[in-house]
Amino acid sequence: MSDNLQPVPAVLASIRPMVEDNYVFTFVPDRPFSVIPGQFFEISLPGVGNFPVSTCLPVVNGRIESCIRRAGRVTDALYRLSPGAQVGLRGAFGNGFDLKLFAGQDILLVAGGLGMAPLRGLLMTLLAERQRYGRIVLLYGSREPRLLLFGEELVELARQQSITLRFSVDFAADLQGPFGGVICRIGLVNELLEDLQLEPPQTVAAVCGPPALYGCILEQLAATGIAEEKILVTLERRMRCGIGECCHCVAGGRYVCRDGPVFSLAELRSMPGAI
Amino acid sequence: MVGLSFPCCTIQDGLLEKLAAEIAGDRLVWAPRQSEDGVCRLQVINSGLPDHAAVARLPFKKLLFPHREKVWSYHNGQYNDVDMPQRIALVGLPLCDLQALWYLDQVFAEDAHYQERRSRLFVAGALCEPGPECRCDAALMPVAGDLVIGHDQLWALSERAVELLMTLACQMQDESSLPWPEGPVEIRHTITAEDLRAHRHAGIWTAEGDRCLSCGACSAVCPTCYCFDLSDAAEVNGSVNRQRLWDNCFFTEHGSVAGGFDFRAGRAERLRFRMEHKRLGFGELRGMDSCVGCGRCRNICPVDIDLDRIAAQFVTEGTDV
């Protein structure tokens with residue numbers, strides 16, 4: 001399909017502050033977009049620039065919801081907009097998670113920091129057909145308790161026994177905050193892997209987090225016995241064009257924007273430098 | 001060397017003049033020409049077809065994939081298409097450039113802007129005398145374009161070129177091989193993904209990378225380099241133009257993400273990335289060496305970095321160098 005890099009006009013419908021500099025934005029494009037979890041969009045602010053972002057909720061009634069960190073010049077400009085503002089959307093790009101792999105399996109989601117955003121999109125997609133899956137375990141690590149994204153919602157899902165939830169935080173002076181009761185660890189998220197009582201042969205793992213997370217946890221997951229084809233990782237790169245041309249996102253010889261951003265550990269092992 | 005074969009015809013008296021007039025038509029005709037300052041540049045020519053090729057320092061890609069190209073404009077809430085590019089002809093290109101054209105055609109196969117310019121482009125190659133830096137290889141990849149002009153023969157590379165020659169009453173003959181230059185002066189060295197993996201942490205990346213000035217000249221002059229960035233420019237009437245700009249894998253931030261993490265933070269990593277891109281390719285073109293051996297990067301590099309020389313060390317050493 002030919003791409004002329006032109007966005008579809010969209011309205012910024014709502015802005016929901018979640019934690020400092022991590023707000024949830026809802027966009028309604030002029031024409032509907034089909035998206036699967038793990039895919040991403042390019043959001044254009046004409047006159048400022050564009051940036052890639054995933055969705056944090058399945059697209060319902062054409063509304064696209066993204067949790068966006070204020071991390072650079074263009075996202076900073078987005079934070080200054082008010083609902084009703086015009087933006088542009090291109091996409092969806094990338095492969096997304098192959099949901100067929102998840103059917104009938106136990107599911108282990110491992111999120112670090114803002115990595116919770118795309119995994120929440122995946123989680124909500126899975127929960128829409130909860131009966132198709134076995135146990136769903138979410139391990140979520142954040143720097144501090146106050147930076148946990150979607151914390152209350154996740155706690156509620158755990159309370160309803162839809163998911164098993166474990167939080168970890170790198171630093172915490174005390175655990176009296178709203179999530180004090182559910183934070184299992186002060187430490188790194190990979191330490192939550194112990195005592196999970198998963199059945200590795202029938203488990204699919206999906207991991208999303210900062211580069212430092214991937215250095216240790218992927219091989220740890222493999223060591224538990226989960227097949228390398230069923231350890232799925234979404235890579236963050238500087239995706240400028242989204243169509244496998246501009247070369248900024250290339251890792252291990254592959255265009256993350258087009259061949260990914262979701263890769264299995266089996267693929268990553270043959271992509272030197274990707275993790 | 002033996003290259004691909006194409007239908008050919010003999011150059012009769014007056015054919016090149018008629019052909020030149022037909023090609024010019026409503027097109028702006030560009031050819032590599034030596035300027036008074038000694039630099040070979042693509043320039044607009046008024047008449048004629050060069051009977052020999054030259055290597056323009058800044059290659060033909062600048063006409064298909066301009067260093068700054070408007071890809072859309074935005075005004076009063078509307079995204080608008082850009083104007084159609086002018087019809088042009090490129091003549092007098094060396095055969096290595098016709099390979100590079102083929103490669104870019106693959107890279108931008110689904111790019112509307114490239115394809116729009118490409119559909120309005122007529123390309124004629126010519127024979128060349130290989131220079132001391134040349135390492136071309138007929139077997140590297142196919143060629144693209146319309147015509148190749150030889151000493152006494154013409155080769156028609158495209159359907160429209162065959163039709164054009166027929167209208168000029170040329171007698172088409174059986175296919176024959178393109179006349180690649182005899183024996184490149186230097187031997188080129190190929191590398192494999194396994195070579196790159198084995199030498200991923202070799203000292204040579206740091207040794208050569210430390211010299212690199214990150215000037216980006218090698219990528220700018222490379223006929224198969226195509227990294228780009230997107231950037232917005234506002235006009236006084238309030239409209240905005242989204243531009244596509246040449247980017248460069250030696251520049252800082254090429255591999256960085258929002259928040260500051262850089263996946264290719266040092267020049268050693270960037271040099272290795274460039275080697276990987278040139279010699280192994282990315283995405284669907286993985287496994288294809290895209291260095292057409294024109295020698296432009298070697299000639300332009302102010303600190304004498306030569307990917308082929310680095311590749312040669314891998315092949316001869318066998319262990320980390």
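Two residues are in contact when their C-beta atoms, placed from the backbone, lie within 7 Å. The model shown in these views is predicted.

**View 1. The interface between chain A and chain B.** On the chain B side, 39 residues take part, and they are in contact with 37 residues of chain A. Five elements of chain B each supply at least two residues to the side that touches chain A: β4 (68–75), α4 (112–119), β11 (228–234), β12 (240–246) and α9 (267–280). β11(B) gives the most, with six residues.

View 2. Domain 1 of chain A spans 8–93, and domain 2 spans 99–268. Their C-alpha centres lie 22 Å apart. The contact takes 18 residues from domain 1 of chain A and 18 residues from domain 2 of chain A. On the domain 1 side, the elements that give two or more residues are β1 (8–19), β3 (40–45), β4 (49–54), β5 (64–69) and β6 (86–93) of chain A. The largest share of that side comes from β6(A), with three residues. The residues of domain 1 of chain A that touch domain 2 divide into 10 nonpolar, five polar and three charged.

**View 3. Chain B as a whole.** Chain B has 11 helices and 12 strands. Along the principal axes, the C-alpha atoms of chain B fill a box of roughly 60 × 60 × 40 Å. Buried residues make up 41% of the 321 residues in chain B. Take the contacts in chain B with a separation of 6 or more: residues 24 or more positions apart account for 72% of them.

**View 4. The buried side of α4(B).** Four residues of this helix are buried: B:H113, B:Y114, B:R117 and B:R118. They cover an arc of only 130° around the axis, so they sit on the same side of α4(B). The cover over the buried residues of α4(B) includes α2 (61–64), β4, α3 (95–107) and β7 (121–126) of chain B. α4(B) also supplies at least two residues of the side of chain B that touches chain A.

**View 5. B:E182 in its loop.** B:E182 lies between β10 (173–177) and α6 (193–198) of chain B, in the loop that links them. Is this residue buried or exposed? B:E182 counts as exposed, because it has 7 C-beta neighbours inside 10 Å and the limit for exposed is 12 or fewer. B:C136 is 46 residues away from B:E182 in sequence. In space, the two are 10.0 Å apart, C-alpha to C-alpha.

**View 6. B:H52 and its contacts.** The loop between β3 (40–44) and α2 of chain B holds B:H52. This residue has 13 C-beta neighbours inside 10 Å and therefore counts as partly exposed. Which residues is B:H52 in contact with, leaving aside its neighbours within four places in sequence? They are B:A126, B:L127 and B:C128. B:V71 is 19 residues from B:H52 in sequence, and the two are 35 Å apart in space, C-alpha to C-alpha.

Terms used: Residues are numbered from 1 along each chain as its sequence is written. Chains are lettered from A and ligands numbered from 1 in the order in which they are written. This is a predicted model: local features need pLDDT of at least 70, side-chain atom pairs count only at pLDDT 80 or more; totals for chains, interfaces and linings use all residues. Domain bounds come from an automatic or database domain assignment. Ala, Val, Leu, Ile, Met, Phe, Trp, Tyr, Cys and Pro count as nonpolar, Asp, Glu, Lys and Arg as charged, and the others, Gly among them, as polar. A residue is buried if 20 or more other C-beta atoms lie within 10 Å of its own, exposed if 12 or fewer, and partly exposed in between; C-beta atoms are placed from the backbone. The arc is that of the directions from the helix axis to the C-beta atoms.
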